[in-house]
Amino acid sequence: MNEARLAAALTGLVGSRLAADLSADLVKIRRDCVTQTLERTSPGKFVETFVQCLQYISIGTYETKPSVDKYLVSEVENTSLPDGLRICAARIARSVYALRNKRNIAHKNAVDTNIHDLAFTHQGAAWISAELLRHATGVSMQEAGSLIELVQAPVGTLVEEIDGARLVLADVSVRTETLILLHSYYPDVVPVETVFKGLTRRNTGTVRNRLRELHAQKLLHGNNKTGYRLTRVGHAAAVSEIKALSV
């Protein structure tokens, strides 16, 4: 998903700032779906930005901190916005926001529904983005149609959890595999034993060497005793690798 291309297409409808914010949040949600991880603020930020978009389209301005629930429950349907935005997209946004608030897309249960919540969140955000694109101005029908296909395209999976072990499914180097694995736990500290369990098909000595190298490069923080977590620089490096694999 080309974030800049999406933002450019939406700018004529909602302005450059909101277009950039909405596109960035959608890409984060899509990336989380690919890695079976959730940056917990992304769904909430996406819906908040969408509310601002609706306000901008409706009245030409928007609140810096909108009351999301109030607007979606009691205000938006009284506007003159098209039904696709006023009713359909707004109600989908309410559903995404409810999952974010009531379940936090992070919970433990006998049946783990986290993956299903994440899939619904992604599809909901993609549908909303597609509906905005249908009303976009200053963009050709061909470009709008192409972008709608892109945002609604199904995502693959880079990380799968089986019997308590998270496995990186892509054919990548040990370094990249380690970064992607630790990204799936971010910002938690990951015990070295957990890393080995996820990279069980790799030589243990090689994994230890990559951990030391990543630590020396300040991409990881920690040690063999306490475990490791990505630094901000390491998180950015992991995101870069994930983007390259999820284009």
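Which residue's side chain meets that of E77 in a salt bridge? The partner is R91, and the gap is 2.9 Å, N to O. Keep in mind that this is a predicted model.

## The E77 and R91 pair

This pair links distant parts of the chain.

How open are the two partners? E77 has a relative accessible area of 28%, so it counts as partly exposed. R91 is partly exposed too, with a value of 44%.

## Other salt bridges

The structure has 9 salt bridges altogether. As a bit of background, side chains of opposite charge can pair when their charged atoms come close.

One of the salt bridges joins the side chains of E143 and R5, at 2.8 Å from N to O. E143 is in helix α7 (residues 141–151) and R5 is in helix α1 (residues 3–14), so this pair ties together parts that are 138 residues apart in sequence. E143 is partly exposed, with 23% relative accessible area, and R5, at 27% relative accessibility, is partly exposed as well.

R134 and E131 meet through their side chains at 2.9 Å, N to O, and both are part of helix α6 (residues 114–134). They are 3 residues apart, or about one turn of the helix. Here the two partners fall on opposite sides of the 20% cut-off for being buried: R134 is partly exposed at 43%, whereas E131 is buried at 9%.

## Where α8 crosses α10

Now for a pair of helices. Helix α8 (residues 174–185) packs with helix α10 (residues 204–216) at an angle of about 70°, and their axes are 10 Å apart. Angles from 65 to 115 degrees count as roughly perpendicular, so that is how α8 and α10 are placed relative to each other.

Which residues make this contact? On the α8 side they are V174, R175, T178 and L179, and on the α10 side T206, V207, R210, L211 and L214. Sorted by class, the contact has 5 nonpolar, 2 polar and 2 charged residues.

## A buried glutamine

Is Q52 buried or exposed? With a relative accessibility of 7%, Q52 counts as buried. You'll find Q52 in helix α3 (residues 41–59).

What does Q52 touch, leaving aside its neighbours within four places in sequence? Its contacts are L18, Y62, E63, T64 and P66.

Methods: Residues are numbered from 1 along each chain as its sequence is written. This is a predicted model: local features need pLDDT of at least 70, side-chain atom pairs count only at pLDDT 80 or more; totals for chains, interfaces and linings use all residues. Side-chain values use heavy atoms; hydrogens and water are left out. Axes are lines fitted to C-alpha atoms, for helices over the stretch in contact, and angles run from 0 to 180 degrees between N-to-C directions. Helices (H or I, at least four residues) and strands (E, at least two) are DSSP runs, numbered from the N terminus. Angles under 35 degrees count as roughly parallel, over 145 as roughly antiparallel, 65 to 115 as roughly perpendicular and the rest as oblique. Contact means heavy atoms within 4.5 Å. Ala, Val, Leu, Ile, Met, Phe, Trp, Tyr, Cys and Pro count as nonpolar, Asp, Glu, Lys and Arg as charged, and the others, Gly among them, as polar. Buried means under 20% relative accessible area, exposed over 50%, partly exposed in between (1.4 Å probe, protein chains only). A salt bridge is a side-chain nitrogen of Lys or Arg within 4 Å of a carboxyl oxygen of Asp or Glu.
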